[in-house]
Amino acid sequence: MDRPAPSPFAARAELSRGRLHDEASSAHRSPFQRDRDRIIHSSAFRRLKHKTQVFVEHEGDYYRTRLTHSLEVAQIARTVARVFGLNEDLAEAVALAHDLGHTPFGHTGEDALAECMAPFGGFDHNAQALKIVTTLEGNYAAFDGLNLSWETLEGIAKHNGPLLAPGEDLSNLPFAICEYNARQDLMLHSHASVEAQIAALSDDIAYVNHDLADGLRAGLFTEEDAAGLPRVGACYAAMDAAWPGLDPKRRRHEALRRVFSVLVDDLLAETRARLEAIDQAHATPDTIREASAPVVAFSDALMADIRTIKAFLFRRMYRHYRVRRMRVKASRVVRDLFEVFMEDPGLMPEHWFAFAAEADGETARARVIADYIAGMTDRYALEEHRVLMDPAALA
């Protein structure tokens, strides 16, 4: 496909709002390409390999992890951004970073850690992602974090929409977002760039498809169950008409890739209509930020069908007894670790204990412990729990 002309809504690297800490520009990469590369080379990104979506890591090699999910989201985001002549590198950077703040054990781990942190300001994975890339990554000589461009940080913080309503203050926002926003204003009352909005909807496309695929692979529901869902059923029917008698594995793959195309095509059509409705004569990227509604969206009809699919997945997958058993165990692991480290921070590795010892008060210490637990992979959290809680483990 030929590359379209640049859109007036596209983020332009040469007009970036810059980085918190000034750096010499790269001779070979745009600011957003540099952001993407720093994210990929970060410790937090590598750990996504061993953080799961729904299934605990050791349950199978073929289930999605946060890493494979992030790569899928980035691939979709680049494709959609290219169709509209937007900044593919920014869309990719936001997509790759959007899950960096997730705890071990997926949303189960996040829910458990949020419960533990409720007396100390709560826990939110988007805010944690921002904290990771602005503070916790500690490999550079001149600054903490990755020193990403303003546009990438904005996308990480608010790709799902504005964080503040008009006139609302920061009092109800996660601490990590407030702390960083005091250093560099991320325009929390506005929408994010169109590239960040694309990353957010690419996330929806990816997880609807891979949760269907993983649920089928795990035997939590059947092909006939899936074929009863809106949009999905038509894709199975089209597959059977084109390739009657195909073996089950190929049939499933071909049907779900058609579901994938349905979601992408609808997103492209609805987003194109919304962008074309905007007067582009004097449009800039800030036109998107100041819009009254998101410009990247699914049609109302498809959104209704996606809600039906999500309700099915919640009922048949997320509430399946096998997944619920895993959730109970995972929650206990996170809660136990939080409690034991709060009681004795000296049980954490030395550099984390040093951070906790320097913390000013119980809330600050709890946030250090939450940072440590949130950064764990599934296998590391299970091993820490075994060493600390199993009387037979003398390691």
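Contact, as the word is used here, means that heavy atoms lie within 4.5 Å.

## About the model

This is a predicted model, in which local features need pLDDT of at least 70 and side-chain atom pairs count only at pLDDT 80 or more, while totals for chains, interfaces and linings use all residues. Residues are numbered from 1 along each chain as its sequence is written, and side-chain values use heavy atoms, with hydrogens and water left out.

## Lysine 51

Lysine 51 sits in the loop between helix 2 (43–47) and helix 3 (66–83), where helices are DSSP runs (H or I) of at least four residues, numbered from the N terminus. Not counting residues up to four places away in sequence, lysine 51 touches Thr65, Arg66, His102, Thr103, Pro104, Ala374, Gly375, Met376, Thr377 and Asp378.

Lysine 51 is buried, a word that stands for under 20% relative accessible area, with exposed meaning over 50% and partly exposed in between (1.4 Å probe, protein chains only).

## Helix 4

Helix 4 (residues 88–97) is mostly covered, since 10 of its 10 residues are buried. Among them are the charged-side-chain residues Glu88, Asp89 and Glu92, and the buried residues pack against helix 1 (31–40), helix 2, helix 3, helix 6, helix 7 and helix 9 (194–217).

## Helix 6 and helix 17

Helix 6 (residues 125–136) and helix 17 (residues 362–374) pack at an angle of about 100°, with their axes 12 Å apart. That makes helix 6 roughly perpendicular to helix 17, a description used for angles of 65 to 115 degrees. At this contact, Gln128, Lys131 and Leu136 in helix 6 meet Arg367, Asp371 and Ala374 in helix 17.

## Loop residues

Asparagine 147, in the loop between helix 6 and helix 7, has a positive phi of about 55° although it is not a glycine, and asparagine 147 is buried, with a relative accessible area of 5%. Arginine 231 lies in the loop between helix 10 (223–227) and helix 11 (232–242) and has a positive phi of about 70°, but arginine 231 counts as partly exposed, at 30% relative accessibility.

Conventions:
Helix = DSSP H or I, 4+ residues; strand = E, 2+ residues; numbered from the N terminus. Salt bridge = Lys/Arg side-chain N within 4 Å of Asp/Glu carboxyl O. Axes fitted to C-alpha atoms, helices over the stretch in contact; angles between N-to-C directions. Parallel < 35°, antiparallel > 145°, perpendicular 65-115°, else oblique.
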